[in-house]
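Here are my notes on this model. Please read them with the structure open.

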Amino acid sequence: MVDGIDRTILRYLKEDGRMTATALAAKVGLTVAPCHRRLRDLEASGVIRGYRADIDPAAIGLGFEAIVFVTLRQVDRATMSDFEDRVAAIPNIVEAQRLFGSPDYLLRVIAADLPAYQRFYDDQLTSLPAVERLTSTLVMKNLKSNAGPPV
């Protein structure tokens, strides 16, 4: 169970995942040992899934973004598993959700530019298993990204 102190720890870590346990303890009003114990417990229980750098795609030449809706020809366990395994292995697909209703999936894809996205679409997306329809929506402006859950 996550209590108020844990939520405060999570809020600070959302802002700065590299914060030391000492700095974190000072912010939440604990000594280092209990703060570190809570942090380890949050990690062990899976509340904190990991730590990673928040990289600006445009800064590394991947400033083009598209949302792709995918409808499969058939929706059975083997087909979905095969599709999901292939999607998970493609680095330019940075988010993927299975949806209720139609379409079946939502993919967030990044690329260098429109021609690069077209090549990716033609070479990668159309070769995914059991795809019946792909519908792309180009992202004009990303207002909020990787915000995580409210804590």
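1. Helices here are DSSP runs of H or I with at least four residues, strands are runs of E with at least two, and both are numbered from the N terminus. α1 gives the most to the lining of the largest pocket, with five residues.

2. This is a predicted model: local features need pLDDT of at least 70, side-chain atom pairs count only at pLDDT 80 or more, and totals for chains, interfaces and linings use all residues. Residues are numbered from 1 along each chain as its sequence is written, and side-chain values use heavy atoms, with hydrogens and water left out.

3. The largest pocket has a volume of about 1,400 Å³. A pocket is an open set of points on a 1 Å grid over the protein atoms alone, where a 1.4 Å probe fits, with protein on both sides within 12 Å along at least five of seven lines; lining residues have an atom within 4 Å of a point. Grid points are joined across faces, edges and corners, and the volume is the space filled by probe spheres set on the points.

4. The lining of this pocket has 41 residues. Arg52, Asp54, Asn146, Ala147 and Gly148 lie nearest the centre. Elements giving two or more residues are α1 (4-15), β1 (64-72), β2 and β3.

5. Four strands form an open sheet in the order β2-β3-β1-β4, with antiparallel pairing. Its edge strands are β2 (93-98) and β4 (131-138). Two strands pair if DSSP finds at least two bridges between them.

6. Five bridges join β2 to β3 (residues 105-111). Ala96 stands opposite Leu107 in β3.
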